[in-house]
Amino acid sequence: MPVPATPSTDLDLIEAFSSIQGEGLLVGVRQIFLRFPECNLTVRYCDTPFQPTSHCTVEDPPGSGNLLQLNNPVCHGQLVEIFNRWCFAAPNVHHSFSITGGEPLLHATQLKEWLLSLRKLLPIYLETNGILLDQLELLISQLDWVAMDIKLESQTGQATDWKTHRKFLKIANRTNCYVKIVVGNDTSEAELHQAAKLINEVSDAIPLILQPVTKNGKVGVSVQQLLTMQQHAAKFHSDVRVVPQTHVFLGVM
């Protein structure tokens, strides 16, 4: 498999690895994850480190336990060569690249150049908190999937930006997309109604994933509560699913 031509733009990364997607609509597929630093929101349930680091950690080959340390900012061409080897050695194993963080859209300008070459290897799946409109607009033509979060005030302690989320979802709906909402014991019926209405107003074909908060490696919401939450959301949107963080139970990254 020939190595795609790559841009010279370098970017800071926290880690790059191959693993099983543990959340949302594509749970169970194998992806190559690129985790970017920095975030524009503070979320109290977030369990992912996103502070900038001096090195990017890459397990190469996948599953080997052999960790490479690449200096930040990372040379994109070097990473693409690694990913090309992975795809050649194990064809059809990886579904897509998962562009995650932190908030990867904070790096949209440089990331636009990266996606041009990455997408020649695999489709692109973006995980985002659904706030940065202009940055999504810049990248949307290069995205095959958008996994958009709606951060509820009951879980974050910060007011939910419903107006911006609606605008963001309209852009995301130009490609495959879904919305994920982390729910906890104090998630209100009113929040679920508002989220479901918002999604349905954009498109009744967009799946809504209710993801129970994970506490100490266990689901932090009872099954009965989850069924009730699903029922509340389903009053205003037909495609509502409950999917926990399965990678926690599998013990994978």
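**Figure 1. Helix 1 and helix 2 in the predicted model.** The axes of helix 1 (residues 76-89) and helix 2 come within 11 Å and cross at roughly 30 degrees. Axes here are lines fitted to C-alpha atoms, for helices over the stretch in contact, with angles running from 0 to 180 degrees between N-to-C directions. The crossing angle makes helix 1 roughly parallel to helix 2, because angles under 35 degrees count as roughly parallel, over 145 as roughly antiparallel, 65 to 115 as roughly perpendicular and the rest as oblique. Helix 1 passes helix 2 in a right-handed crossing; a crossing is right-handed if the near helix is turned clockwise from the far one by less than a right angle, and left-handed if anticlockwise. H76, L79, V80 and F83 of helix 1 make the contact with W114, S117 and L118 of helix 2, where contact means heavy atoms within 4.5 Å. By class, this contact of helix 1 with helix 2 has 5 nonpolar, 2 polar and no charged residues. Ala, Val, Leu, Ile, Met, Phe, Trp, Tyr, Cys and Pro count as nonpolar, Asp, Glu, Lys and Arg as charged, and the others, Gly among them, as polar. Helices (H or I, at least four residues) and strands (E, at least two) are DSSP runs, numbered from the N terminus.

This is a predicted model, in which local features need pLDDT of at least 70 and side-chain atom pairs count only at pLDDT 80 or more, while totals for chains, interfaces and linings use all residues. Residues are numbered from 1 along each chain as its sequence is written, and side-chain values use heavy atoms, with hydrogens and water left out.

Figure 2. L121 lies in the loop between helix 2 (108-118) and strand 8 (124-128). L121 has a relative accessible area of 14% and is therefore buried (under 20% relative accessible area; exposed is over 50% and partly exposed in between, with a 1.4 Å probe and protein chains only). Although L121 and F83 are 38 residues apart in sequence, their C-alpha atoms are 8.2 Å apart in space.

**Figure 3. Helix 5 and helix 6.** The axes of helix 5 (residues 162-172) and helix 6 come within 9 Å and cross at roughly 30 degrees. Helix 5 and helix 6 are therefore roughly parallel to each other, and helix 5 passes helix 6 in a right-handed crossing. The contact involves W162, H165, R166, L169 and K170 of helix 5, together with E191, Q194, A195, L198, I199, E201 and V202 of helix 6. These residues divide into 6 nonpolar, 2 polar and 4 charged.

**Figure 4. Helix 6 and helix 7.** Helix 6 (residues 189-202) and helix 7 (residues 223-234) have axes that come within 8 Å and cross at roughly 45 degrees. The two helices are therefore oblique to each other. On helix 6, E189, L192, H193 and A196 meet M229, H232 and A233 of helix 7. The contact of helix 6 with helix 7 has 4 nonpolar, 2 polar and 1 charged residues.

**Figure 5. T100 in strand 7.** T100 is found in strand 7 (residues 94-100) and counts as buried, at 8% relative accessibility. Leaving aside neighbours within four places in sequence, T100 is in contact with F33, L34, R35, F36 and E127.

Figure 6. E23 is found in the loop between strand 2 (15-20) and strand 3 (30-35). At 10% relative accessibility, E23 counts as buried.
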